[in-house]
Amino acid sequence: MGDRHDDRAFRFPFRSGAAGGAGPPGGGRSTERLRTSERLPSSPGFWRSPVRGVRFTAVLGMVLLVGLTAVFVTGLLSYAAYNPDLAAVNDKTPDKGLLGFYLFAWPTGPHWLYRLTQGLHVTGGIVLVPVLLAKLWSVIPKLFALPPARSVGHALERLSLLLLVGGVLFEFITGLLNIQLEYVFPGSFYPLHFYGAWVFFAGFVAHVGLKFPRAVRVLRGGEPLRQEDELASPAPDTPTISRRGAFAMVGAGSLLLLATSVGRSFDALRSTALLTPRGVADPGTGPNGFQINKTAASVRITPADTGERWRLTVVGPAGKFAFTREQLLAMAQFSAALPIACVEGWSTADQWWRGVRLRDLAALAGYPDRPPGVFVESVQRSGSFRRAALRDNQVRDPRSLLALEVNGETLSPDHGYPARIIVPAAPGVLNTKWVTRLTFGEL
Ligand SMILES: Nc1nc2c(c(=O)[nH]1)N[C@H]1C(S)=C(S)[C@@H](COP(=O)(O)O)O[C@H]1N2
Ligand SMILES: [Mo]
């Protein structure tokens, strides 16, 4: 092994100054020193792929500029859709302070809004993995370049890279773990992914500010001279793949991931979503035969909890009222075609829900005109999604239901029998199953 490296050092003698001034430490000129330095990743001659170069990096950088921006923005939207500014039950990051500056009242239309934004967020993130890995690979010589900092400016730049690279890897790893395994985190996934996103974004903005003009110049101009290309190896190996071939490989990797991921958002393609383990329970066929997040059994809901003794309690200024399922079925029934769209990125086509409008229940509770928000509780005893708060605009929407039936059949136990919430454009988390109590009022 040592022989091979020696050989290489002789064939491509390293000349300091030829490649961005990262000379051997101490300026050693003896053959002995050169040999040692060539073996270290801090030497530009150590990195020999002829594919590396500023053009390769600039192209990938531009793809990531667009792609990661889209993933970041849809991520912020996803967080807003949880209504964390509404009530403590919805808020997984009570210490977010200024970082929550952008939160807004999540709308109820178009009814597929969250299905779209979260599908883009998750599938987009998955598809960008090969591009991200290729981009990191393309600049890896710089990670080892010596001296670690040439100036204060350079030191600051490298610090921003730490935020950027650390942040982006952290976000991808936590995101992928969450959609694959769920709940492998110490505490909640949300604060990790939310705060991590802002750390990443700070580094991202700094990096784009520093590199964008150069990337544009590189992409506009022709192939740069080797001396001007600090990412090109000063001692390139014989090519085994062209640069175009390398792009094709990255693109093919992304397409493969896309092909095995988009199915999570479309019923007809569900079986192609090989990378989606969301098949906790086989939903079976028939009216209730669509994706199930958690089964009743998995959150320890027994038939006794939802049987004869079950009541829906409605609370408001008019008092406290309890209804059996039969009484609810005797009220005016309304229908709405709405999907389930989970934070994990999967969603269903529109299902045909039928039940009592939330605004009618609000009227019963004492809000006949402008209904306020509602605090929803299920019979589930533990778990973070057993309760949720909904906004006034969500209660007001005539499509927001306490559903009793789906696709013309009684709700199955796993889809929330005896009654569940369904709200247009809301994330799955807010569509509480096995509901037993609705408290209307300012939250
Ligand atoms: N009580 C209760 N309701 C719940 C949940 C839960 O864990 N407990 N999970 C939510 C989540 S995360 C989703 S995506 C939807 C899924 O609904 P489905 O299983 O009917 O498709 O239910 C929501 N309602
Ligand atoms: Mo979900």
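Okay, let me start with a question: is Ala425 buried or exposed? Ala425 is buried, with a relative accessible area of 3%. Keep in mind throughout that this is a predicted model.

So, staying with the backbone for a minute. Ala425 sits in the loop between strand 9 and strand 10, which spans 435-440. On accessibility, Asn407 comes out at 27%, so it counts as partly exposed. For context, most residues other than glycine have a negative phi, and most peptide bonds are trans.

Which brings me to the cis bonds. The bond from Tyr417 to Pro418 is cis, with omega near 10°, and Pro418 is in the loop between strand 8 (409-410) and strand 9 (420-422). Then there's Leu146 to Pro147, also a cis peptide bond, omega near -5°. You'll find Pro147 in the loop between helix 5 and helix 6.

Next up, rings. Searching the whole structure turns up 19 aromatic pairs. Take Trp47 and Phe144: their ring centres are 5.7 Å apart and the planes make an angle of 25°, so that's a stacked pair, the cut-off being under 30 degrees. Where do Trp47 and Phe144 lie? Trp47 is in the loop between helix 2 (31-38) and helix 3 (54-81), while Phe144 belongs to helix 5 (residues 140-144), so the pair ties together parts that are 97 residues apart in sequence. As for burial, Trp47 is buried at 15% relative accessible area, and Phe144 is partly exposed at 33%.

There's also a cluster, where ring pairs link Phe72, Phe101, Tyr102, Trp198, Phe200, Phe201 and Phe204. And if you like charges over rings, Arg52 lies over the face of Trp137, 4.0 Å from the ring centre. Over at Phe334, the charged end of Arg357 sits above the ring, 3.8 Å from its centre.

How many cavities of 30 Å³ or more does the structure hold? Five. The largest cavity has about 520 Å³ of space in it. It's lined by 27 residues, and the closest to its centre are Gly75, His121, Glu171, Phe189 and His193. Helix 3, helix 4 (113-138), helix 6 (152-180) and helix 7 (189-220) each put at least two residues into that lining. By class, the lining of the largest cavity splits into 18 nonpolar, eight polar and one charged.

Now the second largest cavity, with about 380 Å³ of space. Its lining has 26 residues, and Asn293, Phe385, Gly428, Val429 and Lys433 are the closest to its centre. Here the classes come out as 13 nonpolar, eight polar and five charged. And where does this second largest cavity lie? Domain 1 (54-264) and domain 2 (297-440) both contribute lining residues, so it lies between them.

That's my tour. Happy to take questions.

Technical notes: Residues numbered from 1 in each chain as written. Chains lettered and ligands numbered in written order. Predicted model: local features only at pLDDT ≥ 70, side-chain atom pairs only at ≥ 80, totals over all residues. Heavy atoms only, no water. Phe/Tyr/Trp six-rings, centres within 6.5 Å; stacked < 30°, edge-to-face > 60°. Helix = DSSP H or I, 4+ residues; strand = E, 2+ residues; numbered from the N terminus. Buried < 20%, exposed > 50% of the residue type's maximum accessible area, 1.4 Å probe, protein only. Lys NZ or Arg CZ within 6 Å of the ring centre and 35° of its normal. 1 Å grid on protein atoms, 1.4 Å probe; cavity = no way out; pocket = protein on both sides within 12 Å on 5 of 7 lines; lining within 4 Å. Points joined across faces, edges and corners; volume = space filled by probe spheres on them. Nonpolar A, V, L, I, M, F, W, Y, C, P; charged D, E, K, R; others polar. Domains from an automatic or database assignment.
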